[in-house]
Structures are given as structure tokens and as C-alpha cells.
Amino acid sequence: MTSYLIEPFDRLPFGDAEKARRYATERYQGAVGRNWYDCDPTLRFLMRRHLGDGFGWAEPRLKEMGALMGGPIAERAEETDRNPPRLEKYDRWGRDVSEVVMPPSFEAARRDLVATSFTRPDFVAEAQANGVDAAPLGVAWSYLLDQADIGMACALGTGGDMVVRLTEMFAPQDVKERVRELFAAGEMSGEAAQMLTERSGGSDLGALESTASKDGDAWRLNGLKWFASNANGSAFVVLAKSEGAADGVRGIAPFLVLKERRDGSRNGVRIRRLKDKLGTKSVASAEIEFTDAEAFLLAPSSSAGQGGDGKGLARMMELTNGARLGISMMGLGCARRALVESLCYAGAREAFGAALIEQPLMRRKLAELIVETEAAQALVFDGYLGRPRLRIGAALIKLRASRLGVTAASDAIEIHGGNGYIEQWPVARILRDAQVNPIWEGGDNILCLDVRRAIERQDAHEPFLERLTQAVRQAPGGDDATADLVNDRIGHLRRAIETWRGLDRTVAEARLFPLAQYMADVYAAALLLEQAGWERTDSGADRKALVARLYARTHLADADPLRAIEAPPEDLDRFKDLADGAFTAD
């Protein structure tokens, strides 16, 4: 039964039942309403790989989480996007209360997510008691949530690890106890925010103006933060300079600011206005003014008189790689959701006598989306779960995954045609949300500068190249050409890094972007070959080998003008293998 009226134009002379079937509403089920764990063979594959014997215990819980994310959480995300947070600036007597009022859809989703998170302490303890490593489950939880709402992921997770770790290291004991209470549900409880950006410069942190003055064992902090997300949180890490400190990077120190002072009164934290953003409406981003706010220096007590030891920013930035991986996961979540919506739509929509998914050019586009998404998935999961964690990895992974979220969402809109450009369909919001990922935690240029810093100061390319070599060694037999190609490119990459190090400083900086892109290309290809080896051992299948081959052919093969024309049509001949291995409709 349909829920819509039959209109007069449905009975026009050139209309018929077959044409009407093309736009029957009930045929177009997208991602929402599905179990996102059950419909994702790639996630099931990775969980089997990383959980080992613990997979049997974990899978029922993964299924429950897949149903939650694909159902209520995804539905509420759409509602929150239509009814975003609002600022209640003053009470009835005109007093500044600076209260962020979150919509009921957000609060309901947050309650469910905090209560069922795979990162909450009681779940981690239960997993450990059953001999299961909870880390892969936490990664899967983020991966599923980011397909529903990256704004919610930001609201729950931004700065949580930073607040907890720095507080435990440096804050007074009574403050530690208060923060432990706030984060009793874990670091992904939605209580934290990190406040760095000012009008004087986003990435240029050395130019910030916020100032802290000593006040007993605490500090008084004054300043304005220009873009602070999760403004409705309770615990903030705020960058400022102590009065009299150097006006530059070494003068910066992190401070903890709580919404309430030690005595229980409201702290000097004023919200000027909420940002009217393009996307990520579910996380409240604001301009926040600190007026004599009680703050606590997050630095060794021996340096308190100097307002820090000059290493505060560097210490905080060590935690930034985790945040960059979080943004990478958001990019991957946007890409995965775009892929699923595209496969669903192309399978249902008919034109020129066949479903879109049967058309050769559409199959080419969908195959490309599948391959690129699985390459980014390999990168992000390796960033989280690979050991040892690569110093240079997070910047390269974010460079690739955050940008893919944007391009995949744009492709999904094109696949949906004019419908994709309409907010009533799901892909417009994906694009609006995805666009922030290349900005958050450092744009492409900042990431490239971090790659330079890692190479020059720590020779971080050496363990990186070794990781790639080890990954290719796991490649399955039967496709030596792809393994040989990737091995050859690892050698090229080493020579490229050596050549780059010999360039004039100005030219070298300009060449950082193509170098970092090439590093990400070879990294992803090597990881896909490693996954292909796992798959061969696990099931005897060769689908991942196909994905690795297609990716390497696109990104690493010589730029022959006829390459893309004369290449074997595996993306078409084996399209069903690619699609079935990416998404299970039933």
C-alpha cells in the first residue's frame, strides 16, 4: 500500500504503470532503516581480522549497534539538522546565562550513544573480562556513528582525551576529582571541547591573544575564541599566554576551564553567538568569551610561576594526531554513507530501459567509489589499529580521507541527479557536513607541514616505508604484478623523499603537497594488498586483490595516455563482486 495520493497527471495518455514505477516512493529505500553492520561486508571482514577469537563474543553487540546507528541515530540526525541548537543568551531579568538549548532529537541520540558506546569504561571492562580487545570495537563504533552524523561524533568526542589526560597529569587534586565525575561515562561523553582558534589566526596559533593571570593555585583567563565546537560542554582545554610570556608559540600554554568554578558558581564563560554553519548542525559551534574565567594551568607545577615550561603547545599537539584520526574517520564515514546511498539509488532508479546500476558508465563510477572508499577505510583502520602507530600516518590519512568525504558526497549528488541537490534527499547533508573535515584539525597545507616536521626532526619516513614494505610482503600469490608495482613505487618514494630533502627550502615547501599525496597513494595500495592476503587466508577469496589491483592501476601505474582506455575491464566484468562485497541490501 502507498501512503500518497494518486494525482490526475498519473493518468495522462502517455503515462503508464511502468513509467509510474520509476518514481514510486516505496522503491527508494536508502541507508536509513538498515542494519549498518549487517549490510557492510568490509566491516565484518575487518572485525574478524582484528578481533580474532573474540569475534564471536563481539558480533551480537556489533549487530545491535548497526541497528541503532542505521535506525534511530540516523533518523534523529536528520531531525537535528532541520532543528539545530539555539542560544538562550539572557534570562527573564536580562542576566547572561549563555545556555545552548539542544533539540530533543539531539538529546535522545546522545543518551542512547553514551549509554551504549563501545568506549565506555564498563563495556571495555566487560570485553576484557571475556578476553576481547575493545579497541577494534571502539573504532567500529566511530565508523558507524560517522555514517549517521559526524556532528554528533564531534559533540561527543572533541577534546575528551585531551581534557582527561592533561587534567590527570597537571591539575590540582580537587579539579581532577571533578573532571573524573564529568567523564564517568568515558571520554566520549560529550562534556569536552578544545578551544584554540581566534580571530587573529586559525592555524597560526602563535598569534593568539587570550591571556591568563596568576591567581593563587589557579589563573584568571580573558580572551575570545572565534570557533569553538561543543559549546554546550562542561570542560574545556583553552590555549592562552600567561601575562608577561613571550608573544609567540613558546608563550602558549593549555589551561583547563570548567563551566562552574570550584565554589559551584557559574564561571566567566560567555557565549556571544552560535555559528550559522554550512553543515554539522548537531554540534553547537560558537564564539566564546572568557571574562576572568577560573582556569588551571596544564603544565608541570615547577613551571607555574612562568606560566608554563614553553612546551605546552607541543605537549598538546602530541595528542592532536588522535584528533586527526577522528576527523579522518568522519571523512570515511561520509564517503561510506555516500557510497551506500549511491548503490541504493542506482539499484532502484531506472532510465533508458534499465536500472542505473546496469549502465556501463554508472558501473565505472560506482566501482571507483567502492575502491576509493575501501582504500580510505584501510588507511583509517591502520591509523587506529596498526602497531606501532606511525608518527607520519595521521597527517597522511587525514589528507586523503577527509578530502574523499567531500568528493564522494559530490559524486553521490551527481548519481542522484537533481534529486541529490534537494535537502529532502539524504546526500545534500552529507556534502554539507563533509566539507568541514578538510578544515578541522588542520587543512591540507598544515598537514603537509607536519609531514615535513616529522621527516626532518624524527626521520619518520623510515618506519613508514618499513610499514609499507611489510604490508606488501603479506600480499597473496597470483597477482605478482600488483605487488611488484607497489614495491617499485616504495623504492620510488624513498628516492622522492631523498630528492625533496635536497631542494631549496622554499621550493621544498611548495612540493610538500605532491610528495604527501604520493605517500598516501603508496600507503593505501600497500594496505589493500595486505588485506588481500588476509582475505585469501580467511576465505580463499580474491575480491580485495581486485580492489588493490584497481587502486594501484589508477594511482600508481605509469601515466600512459592509453592506460585508462586499454586497461582490462575488470571494473565492469567483476562489478557484481565489487558491489556485493561493499554492500548487502538484504
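This is a predicted model: local features need pLDDT of at least 70, side-chain atom pairs count only at pLDDT 80 or more; totals for chains, interfaces and linings use all residues.
**Entry: helix 6**

I started with helix 6, which runs over residues 135–148. I count 14 residues in helix 6, and from first C-alpha to last it reaches 21 Å, close to the 20 Å expected at 1.5 Å a residue. Burial came next: 13 of those 14 residues are buried, so helix 6 is largely enclosed by the rest of the structure.

**Entry: helix 6 against helix 7**

How do helix 6 and helix 7 pack, and at what angle? Helix 7 covers residues 150–157, and I get about 130 degrees between the two, with the axes 6 Å apart. Angles over 145 would count as roughly antiparallel and 65 to 115 as roughly perpendicular, so I have this pair down as oblique.

Then I listed who meets whom. From helix 6 I have W141, L145, D146 and A148; from helix 7 the partners are I150, M152, A153 and L156. By type, the residues of this contact come out as seven nonpolar, one charged and no polar.

**Entry: R110**

R110 is in helix 4, residues 104–116. Is R110 buried or exposed? It has 17% relative accessibility, so I put R110 down as buried. I checked G190 separately: R110 and G190 are 80 residues apart in sequence, yet 8.1 Å apart in space, C-alpha to C-alpha.

Helix 14 is residues 427–434, and it is mostly covered, with seven of its eight residues buried. The buried ones are V427, A428, R429, I430, R432, D433 and A434. What do they pack against? I found helix 3 (55–82), helix 6, helix 7, helix 11 (320–348) and helix 13.

On the helix 3 side I picked out E78. E78 has a relative accessible area of 16%, so it is buried. Beyond its sequence neighbours up to four places away, E78 touches R429, along with R337 and P426. R429 is one of the buried residues of helix 14.

I went to helix 11 for N321. Its relative accessibility is 18%, and the cut-off for buried is under 20%, so N321 counts as buried. Outside four places in sequence, N321 is in contact with R391, A394 and D450. For A394 I noted the spacing too: 73 residues from N321 in sequence, but 5.6 Å in space between the C-alphas.

D411 sits in helix 13, residues 393–416. D411 is buried at 15% relative accessibility. With residues up to four places away in sequence set aside, D411 touches K365, E368 and L369.

**Entry: cysteines**

How many disulfides does the structure hold? I get zero.

Notes. Residues are numbered from 1 along each chain as its sequence is written. Side-chain values use heavy atoms; hydrogens and water are left out. Axes are lines fitted to C-alpha atoms, for helices over the stretch in contact, and angles run from 0 to 180 degrees between N-to-C directions. Helices (H or I, at least four residues) and strands (E, at least two) are DSSP runs, numbered from the N terminus. Angles under 35 degrees count as roughly parallel, over 145 as roughly antiparallel, 65 to 115 as roughly perpendicular and the rest as oblique. Contact means heavy atoms within 4.5 Å. Ala, Val, Leu, Ile, Met, Phe, Trp, Tyr, Cys and Pro count as nonpolar, Asp, Glu, Lys and Arg as charged, and the others, Gly among them, as polar. A disulfide is a pair of cysteine sulfur atoms within 2.5 Å. Buried means under 20% relative accessible area, exposed over 50%, partly exposed in between (1.4 Å probe, protein chains only). The expected span of a helix is 1.5 Å times one less than its number of residues.
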